[in-house]
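Please open the model in your viewer and keep the selection tool ready, as this tour moves from one pair of side chains to the next.

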Amino acid sequence: MRLAVVAVVCSAVAFAAGCGDGGPSGGLGAADINGTWDLNVSGSCLRGSLPVRLTATAGGALTSATNAWTNNEADLGFFRPLDGSVDLESGAAEFHMWGSGDRTHALLFTGTLGADGSLDGTITDPMPGAGPVFHFSGGPTCTAAATGHKR
């Protein structure tokens, strides 16, 4: 009998952990995602600020033509295309940050957006299957930490 009780308790704990409040981000809606985010990139091969402008669908897809990023907001504005998705339950995000409209060169952001406006992940240049945007010398890829927040 004791073994059966332990199994029931463990099942209840596993169920509660799996059905929490929407994951580490507390759950997101499109309004939590939409807006301008500052990605601060720090690594030996890539560093600086890369602002991104996001407009998500109700399901978290980043398919709107208004999704964009830049490496020089003051002089150039948001002119580089961006697509990807954000999982509304966990905050897990993937951005394909294209170098231009021809979509042959791209950075890849993988990480997490938080309901508190935080951002944490990595930037890879080039995105697998694409050409590099900034990383033209050294090894075949550059991976750097990316942290930030929503403005």
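**Salt bridges**

Begin by selecting aspartate 38 and arginine 151, which form a salt bridge whose closest N and O atoms are 2.9 Å apart (a salt bridge is a side-chain nitrogen of Lys or Arg within 4 Å of a carboxyl oxygen of Asp or Glu). Aspartate 38 lies in strand E1 (residues 35–42) and arginine 151 in the segment after E9, so the pair ties together parts that are 113 residues apart in sequence; strands (E, at least two residues) and helices (H or I, at least four) are DSSP runs, numbered from the N terminus. This is a predicted model, in which local features need pLDDT of at least 70 and side-chain atom pairs count only at pLDDT 80 or more, while totals for chains, interfaces and linings use all residues. Residues are numbered from 1 along each chain as its sequence is written, and side-chain values use heavy atoms, leaving out hydrogens and water.

Glutamate 73 belongs to helix H3 (residues 73–76), 78 residues from arginine 151.

Next, select aspartate 83 and arginine 103, whose side chains meet in a salt bridge at 2.6 Å, N to O. Salt bridges that share partners join Asp38, Glu73 and Arg151 into one network.

**An aromatic pair**

Finally, select tryptophan 69 and phenylalanine 134, an edge-to-face aromatic pair with 6.1 Å centre to centre and 85° between the planes (rings of Phe, Tyr and Trp, its six-membered ring, pair if their centres lie within 6.5 Å; planes under 30 degrees apart count as stacked, over 60 as edge-to-face and the rest as tilted).
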